[in-house]
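User: I am new to reading protein structures, and I would like to learn how to look at one feature at a time. Could you take me through this one slowly?

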Amino acid sequence: MVGSRVLQELIHRHRPKDSFYVYQMSTLTQAYEEWTRAFPQVTPHYAVKCNPNPELVRHLAKLGCNFDCATLAEINLVLQLGIDPKRIIYANPCKHDEDILSADTKGVRLTTFDSISELQKIGRNSRHTDVIMRIRADDPTARCTLGNKYGAEENEWEDLLVMCSRLSLNLVGISFHVGSMAKDPQAFVRAIEKAKKAVGRAQLYSYNPYIIDIGGGFSSTNVFDLGPVPSQICQALEQNFPSGFQFIAEPGRYFAEHVVTLVTPIIGIKKDSFTISESLYGAFNCILFDHATPEFSILNSNSQTQKTMTMFGSTCDGGDVIYKQCKVPEDIACGQWLVWSRMGAYTSAATTCFNGIPFHKRQILYSYA
């Protein structure tokens, strides 16, 4: 989180009139360094959908990170920054025909599938793309599940491998994603063991998969602490796959979350409520979609006592409630700034312009200290 002194200096220097984001790029560097220490054999492919800020993507590229793109727009963003298309995995198991063709034309050579229909689309639109079969593997304790939508069940593998062979597609790997904000390290271990079984099944069809994609789901309260997850994953990879395999992952939240601080002004006060210049239609869509509970502090408050109030977002929707009850200082007033840490993941990426409010065009300030 950006310190209060730095924030006050930024406010004094830039005199923002509305909510703004601060990106602390040194935090991103430290997060990447910690990833490479914790996962020395796993190459990260940053999930661009998490936060497609070009400067964040550019900085990760300079550090050596590769990229997980789910759409053609994300592919174009990465390529426009001069990044080699070979550093991209098109990790969306359900794509448009024309997007598969376009990605192939642009030099993206790796994509995922989990259905017969997807293989048929790839077969129609690309002869250069290597494919990775995404299998279902769930962490039941993950905050956001993905297995209900993506990942082939074990009883579907045979049909997929038969179709892959029939279409003369080159199967090079197996992928999975146990769910966003996974909590159980053993879910990764079980998924890795399942991936080994899928590799064995593919070998029966004369394929030689060598890429294992362990997906995403990594998060931490402290950006530099991944807990027991890395050691258990690394041990499982070593036990299940011999030398010659390449391991990749698709972390998004882990890199982006702690980099960004959101600063919002209070624009209205009533007896039991106050309104900030942000919204569930803006950065706080994370409450609706990501089940997040953002934490805040208030700059320049001298009060030692607190009171309970409702915090509203700035749209004219009565349901635009950030918190029904929250503790704030007694001296709360219009013009004060609320500071929200850990607002880099799945926040600005999903904003709207509801009510004509430009939530999607907030000012961004960068700190490299």
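Analyst: Let us begin with charged side chains: Glu154, Glu158, Lys197 and Arg201 are linked in a network of salt bridges, where a salt bridge is a side-chain nitrogen of Lys or Arg within 4 Å of a carboxyl oxygen of Asp or Glu. Please keep in mind that this is a predicted model, in which local features need pLDDT of at least 70 and side-chain atom pairs count only at pLDDT 80 or more, while totals for chains, interfaces and linings use all residues. Residues are numbered from 1 along each chain as its sequence is written, and side-chain values use heavy atoms, with hydrogens and water left out.

User: How many salt bridges does that rule give?

Analyst: The count comes to 17 salt bridges.

User: Where does glutamate 55 find its salt-bridge partner?

Analyst: Glutamate 55 forms a salt bridge with arginine 58, and the closest N and O atoms are 2.6 Å apart. Helices here are DSSP runs of H or I with at least four residues, strands are runs of E with at least two, and both are numbered from the N terminus. The two residues are three apart in helix α3 (residues 54-63), so about one helical turn separates them. To describe how covered a residue is, we call it buried under 20% relative accessible area, exposed over 50% and partly exposed in between, using a 1.4 Å probe and protein chains only. By that scale glutamate 55, at 19%, counts as buried, whereas arginine 58, at 31%, is partly exposed.

User: Which residue pairs with arginine 124?

Analyst: Arginine 124 forms a salt bridge with aspartate 97, with the closest N and O atoms 3.0 Å apart. This pair links distant parts of the chain, since arginine 124 is in helix α6 and aspartate 97 is in helix α5, 27 residues apart. Arginine 124 is exposed, with a relative accessible area of 56%, and aspartate 97 is partly exposed at 24%.

User: And aspartate 290 with arginine 253: is each of them buried or exposed?

Analyst: Aspartate 290 counts as buried at 8% relative accessibility, and arginine 253 is buried too, with 6%. Their side chains meet in a salt bridge of 2.8 Å, N to O. Aspartate 290 lies in the loop between α11 (285-289) and β12 (296-298) and arginine 253 in helix α10 (residues 253-256), so the pair ties together parts that are 37 residues apart in sequence.

User: How should I read the pairing of strands?

Analyst: Two strands pair if DSSP finds at least two bridges between them. Strand β10 (residues 260-269) and strand β11 (residues 273-276) run antiparallel and are joined by three bridges, forming a hairpin with three residues between them. Within this pair, glycine 268 has threonine 275 of β11 as its bridge partner. β11 also pairs with strand β13 (residues 306-312), here in the parallel sense and over three bridges, and phenylalanine 274 stands opposite methionine 311 in β13.

User: What should I look for inside the protein?

Analyst: In soluble globular proteins, nonpolar side chains tend to be buried together. A nonpolar core is a set of buried Ala, Val, Leu, Ile, Met, Phe, Trp, Tyr and Cys residues joined through side-chain atoms within 4.5 Å. The largest core here has 97 residues, and those with the most contacts inside it are Tyr46, Phe67, Phe176, Phe218, Phe255, Phe274 and Trp340. Its largest share, nine residues, comes from α8. Apart from it lies another core, of eleven residues, among them Val2, Leu7, Leu10 and Ile11.

User: What can backbone angles tell me?

Analyst: Most residues other than glycine have a negative phi, and most peptide bonds are trans. Serine 206 has a phi near 70 degrees, a positive value in a residue other than glycine; serine 206 lies in the loop between α8 (185-203) and β8 (211-213) and is exposed at 72% relative accessibility. Asparagine 300 likewise has a positive phi, of about 60 degrees, although it is not a glycine; asparagine 300 is in the loop between β12 and β13 and is exposed at 53%.
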